[in-house]
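Welcome! Please take a first look at the model below, and then we will walk through a few of its parts together.

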Amino acid sequence: MDEYSNRGGSSVSTTELGADEIILNMGPQHPSTHGVLRVKLKLDGERVAGTECIIGYLHRGVEKIAEHRTYQQFAPYVDRMDYVAAVSNGLGYCEAVEKLLLTEAPPRARVVRTILTELQRIASHLLWLGTHALDIGALTPVFYCFREREEILKIFEKYCGARLTTHAFRIGGLQYETYDGFEADVKRFCADFTHKIDEYETLLTLNRIWVSRTKGVGILTAEDAIALGVTGPVLRASGIKWDLRKAQPYAAYDKYDFEIPTREHGDTYDRYLVRMDEMRQSQRICMQAVEDIPVGAIMARIGKVLKPPPGEVYHSIEAPKGELGYYIVSDGTVQPYRVRVRPPSFINLQALDKMARGGLVADVVAIIGTIDIVLGEVDR
Amino acid sequence: MAEEVPEKDKPAAPLTEGGAAPSSAPGAATPKPDVPTAAVASPDAPKPVGEVEISAPAPAAPKPAAPAPKTAATAAAVAAKAAAPPPVAQQTVLDNELVRRMKSQFGGTIQEAWLDRKQAILVVAAPLLSEIARCCRDDEQFDMLVDLTAVDWPKREKRFDVILNLYSFAKNERLRLKTMVSEGESAPSVCSIWAAANWLEREVWDMFGIDFEGHPDLRRILLPDEWEGFPLRKDYDILKQDTAWVQANLGIESGQ
Amino acid sequence: MLETVKPYLWPVLFGVIVVAVLPLLAGYVVLLERKVMADMQARLGPMRVGPHGLLQPIADALKLLIKEDIVPLNADRVIFWLAPVLSVTTALVAYAAIPFGPGFQIADMNIGLLFILAVSSLGIYGIVLGGWSSNSNYSLMGAIRSVAQLVSYETAAGLALISALMMGSSLSLRALVMAQQNQGVWFIFCVPIAFFIYLVASIAETNRAPFDFPEAESELVAGYMTEYSGFRWSLYFLAEYANMIIVASVATTLFLGGWLRPLASVHLQIPGTRMEILDLIPPLFFLALAGYCVLRAPRQPVAVQKVFMLLVAGFCLLLAAALGWSLTSAEFLPAIHGAFWFLAKVFVYIYAFLWIRFTFPRYRFDQLMNLGWRILIPLALTNLVGVGVALVLHSARGWGLFPAFLLTTLATLAVAGFLVNEGDKRLKVVAVGANGE
């Protein structure tokens with residue numbers, strides 16, 4: 001099996017099969033792959049001997065499109081990459097362009113951005129929890145999670161008119177003022193939310209079946225995680241206490257007090273615990289932020305036609321899935337010369353091979369769920 | 001994307017808040033390595049225009065009113081003769097401990113070092129990329145490869161920039177390694193240094209056609225295996241592809 | 001001529017009723033499941049077809065009947081046809097031995113329990129033949145997994161049932177209920193562990209969550225039912241829910257006192273009459289239900305719902321009347337009230353099934369087999385020994401019933417704790433091994 005070591009899943013072909021090995025195809029259409037992902041599994045009996053991910057079914061050429069749109073025109077496109085957490089994508093892009101323009105959003109805008117982004121993080125993790133639990137067979141949490149997510153999407157809809165692909169932020173700040181009752185809505189949601197997370201934890205965290213399905217499954221060591229460039233909850237569950245919101249703060253995160261949940265084993269159970277804790281911490285940030293939103297302008301004075309000085313910038317944020325980075329090269333015109341999106345799901349998915357190899361076939365679905373990928377981001 | 005011609009020396013208003021440095025050289029792109037020590041000495045090194053020439057028909061994106069694109073030869077000639085453009089405040093030369101250590105170890109292969117918007121960039125020679133990367137990982141503690149990508153400057157002799165974004169957990173620092181390769185030239189693969197590079201290099205191959213030497217399995221990742229052409233290159237003509245596909249598969253003339 | 005036929009008239013009538021009513025009943029158990037699932041998931045469930053979705057099973061049955069009859073290429077047509085028929089037939093035949101009331105049984109066999117177990121085991125053929133005749137690799141794999149699971153848990157279930165058998169000293173289901181009546185205690189209070197083992201084993205027997213791995217994911221394809229559609233599939237489905245009702249009935253009969261009223265040996269008579277106070281519970285229950293429906297009717301948003309609630313109230317009143325009337329007639333009292341209590345207990349057992357399905361995630365196949373062979377079977381054996389010891393203590397040594405059983409239950413619980421602990425330790429080793437490769 002040497003040729004498969006450390007390759008991030010090289011091609012699995014029939015010519016290299018051993019005597020007892022078969023190839024099993026988890027086709028692009030499958031209820032548990034969270035999108036159009038094709039995984040070819042090389043099986044040795046019940047154990048996975050190698051995996052190969054075939055992606056690109058959702059490739060839409062977003063980076064090429066960026067070269068033919070102005071900076072503001074490109075902003076709605078970024079929502080469609082990680083469509084589950086659109087607000088985060090928008091935040092990363094707007095902040096990257098603001099860096100390129102050597103400007104900054106005003107304080108009020110930064111705080112509102114923080115609140116919306118943390119709400120989006122909760123929504124993204126809720127969707128992850130519901131679908132992951134559903135894959136493992138728990139039929140009920142998905143409905144509870146979507147009930148909570150509905151509340152957040154209502155807040156987004158009231159704020160900017162859209163629930164999913166929100167385009168909530170603009171380059172330089174915000175377009176819309178917060179609506180009347182925004183603070184009240186957020187406070188009400190956050191007040192309720194702690195009990196709700198406790199509900200989900202009651203259903204799953206100490207449940208013997210859940211624990212036996214997730215403990216020891218899909219282990220990723222810290223070394224492997226760093227070598228594979230894995231970021232986000234997956235990295236934190238493997239033991240590395242690192243969060244871009246603390247290491248290289250952006251928006252208004254340096255003002256708030258929150259923790260970085262970390263675990264050591266790097267298995268599916270730990271990733272579950274990390275994300276549950278992250279939801280709690282996000283709620284904590286929202287509560288702090290909404291108490292004290294500064295008054296003032298919501299948009300920096302940058303004019304309508306944006307022509308950043310030539311140069312390049314790489315700016316990344318801690319998206320719910322990991323480190324979402326934007327590398328933008330400007331040549332001084334109104335359209336970016338190159339926009340490169342560093343997609344956390346794409347890079348985290350590479351770790352699937354490491355996590356699934358040696359385990360049982362039945363666990364592959366759980367492992368794909370635990371990495372938390374969105375194909376829109378993997379393929380762009 | 002049309003460029004403003006350098007000889008007109010029109011300032012491209014940066015529209016920054018609080019009015020920073022006067023406008024940069026219009027349409028300036030990243031400096032080329034063939035302007036050596038001058039770049040290190042003064043930030044006023046002429047930065048030739050990296051023009052973008054899009055083959056007809058031009059895309060329908062709205063563009064600011066601009067003159068017709070000039071050919072590369074004219075522009076280069078003009079750039080070489082152009083007076084030193086005003087300094088670009090967000091790009092400053094970098095000469096810190098790290099750069100000095102790297103230069104003392106690798107000498108002239110570390111071609112340039114500067115800060116763009118306070119982000120450190122090192123331009124290195126392509127053949128030594130993997131040694132330099134290994135040194136970054138092992139000695140300088142840049143243990144994570146955050147991103148590996150490329151940019152196409154078709155007017156340049158070495159048209160591709162291969163860019164590695166690195167991050168050090170211990171120092172909480174980022175570093176960007178850049179190297180230039182020309183078409184057909186292959187860049188060394190860093191797969192053996194960071195396993196993350198596997199899919200990232202495959203994507204660069206898929207989108208740009210840059211070959212990575214030493215990569216265990218270099219094939220297309222996002223596009224179907226039988227795709228022809230490299231989409232993120234600037235001379236990739238979508239309309240031509242579309243017409244060809246429609247002709248081949250539907251047997252009619254495309255209406256575009 | 002009439003003399004020879006007469007003994008068979010009642011059983012045949014009962015048989016016809018069972019075969020006619022049971023599919024309908026199974027269909028309504030499906031609706032019940034969907035409604036309970038919806039309730040636990042904070043939603044409403046089927047609401048469109050008929051008031052509150054009550055005609056949903058009819059709609060589903062009609063839809064399945066008119067679907068295209070697809071047989072896979074190169075499938076063995078005869079066996080493909082036979083397999084679901086086998087499943088359903090065995091499920092329906094097992095009803096022959098189940099007592100709904102004192103005289104209310106199709107066939108009071110002296111080997112009733114053995115008959116039910118044997119016939120249910122035959123149902124497994126339906127699964128494996130279905131999987132094999134589908135001519136699909138994955139169907140076969142799914143079927144074999146299913147069968148392996150069923151066979152493993154059959155053993156544990158059987159061993160658990162033997163405990164009740166030992167208490168009742170008979171295989172006849174009727175005699176077992178009478179034993180519970182005579183001893184004045186439901187067997188669940190004597191052998192709770194056996195009941196629990198049977199509960200778990202019966203969930204696995206019917207392929208329900210958390211033991212539905214072969215059906216649900218099955219390594220990325222569906223199980224033995226993949227190639228079946230339309231009416232054939234509905235037969236499998238029917239067989240599954242009929243099986244559920246059977247295991248619920250068996251558990252009710254053996255552990256929960258069958259048709260006995262709770263506190264059957266307590267005779268608190270209403271002064272001045274020969275009726276017992278506790279016998280008033282069934283009619284009062286339906287009266288209360290009718291009253292509730294009448295109270296809620298005005299609050300319904302739509303006229304149709306109001307009418308529906310009133311109809312339900314009327315139906316409950318009818319049932320209350322029937323139950324109340326039977327109080328006066330000593331001949332029908334045991335039968336009708338017996339049926340009420342029996343069905344109530346079966347309903348509670350099935351509700352437990354549904355509740356468990358929507359609460360727990362599912363076990364992976366190897367974990368499921370592990371549970372069956374390494375935990376349940378040793379535990380059932382231990383329990384058996386414990387019950388034997390308790391009975392000896394009680395009958396030969398004069399111990400009281402409860403102290404004897406308390407002692408052995410505690411001992412068996414200790415063994416259970418030990419087994420589970422060992423299992424956890426083994427899991428840790430396996431997990432480390434798998435990922436240390």
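## A helix across a sheet

In chain A, helix α3 (residues 86-100) lies across β6 and β7, running at about 150 degrees to β6(A). Helices (H or I, at least four residues) and strands (E, at least two) are DSSP runs, numbered from the N terminus. Axes are lines fitted to C-alpha atoms, for helices over the stretch in contact, with angles from 0 to 180 degrees between N-to-C directions.

This is a predicted model: local features need pLDDT of at least 70, side-chain atom pairs count only at pLDDT 80 or more, and totals for chains, interfaces and linings use all residues. Residues are numbered from 1 along each chain as its sequence is written, while chains are lettered from A and ligands numbered from 1 in the order in which they are written.

## The sheet itself

β6, β7 and β8 of chain A form an open sheet of three strands in the order β6-β7-β8, with antiparallel pairing (two strands pair if DSSP finds at least two bridges between them). β6 (311-319) and β8 (338-342) of chain A each have a single partner strand, so one side of each is left without a neighbour in the sheet. From one strand to the next, the twist averages 15 degrees.

Strand β7 (residues 322-330) of chain A is joined to β8(A) by five bridges. In β8(A), A:V341 is the bridge partner of A:Y326.

## Where chains A and C meet

The contact takes 27 residues from chain A and 24 residues from chain C (residues are in contact if their C-beta atoms, placed from the backbone, lie within 7 Å). On the side of chain A that touches chain C, the largest share, four residues, comes from α7(A).

Methods. Two residues are in contact if their C-beta atoms, placed from the backbone, lie within 7 Å.
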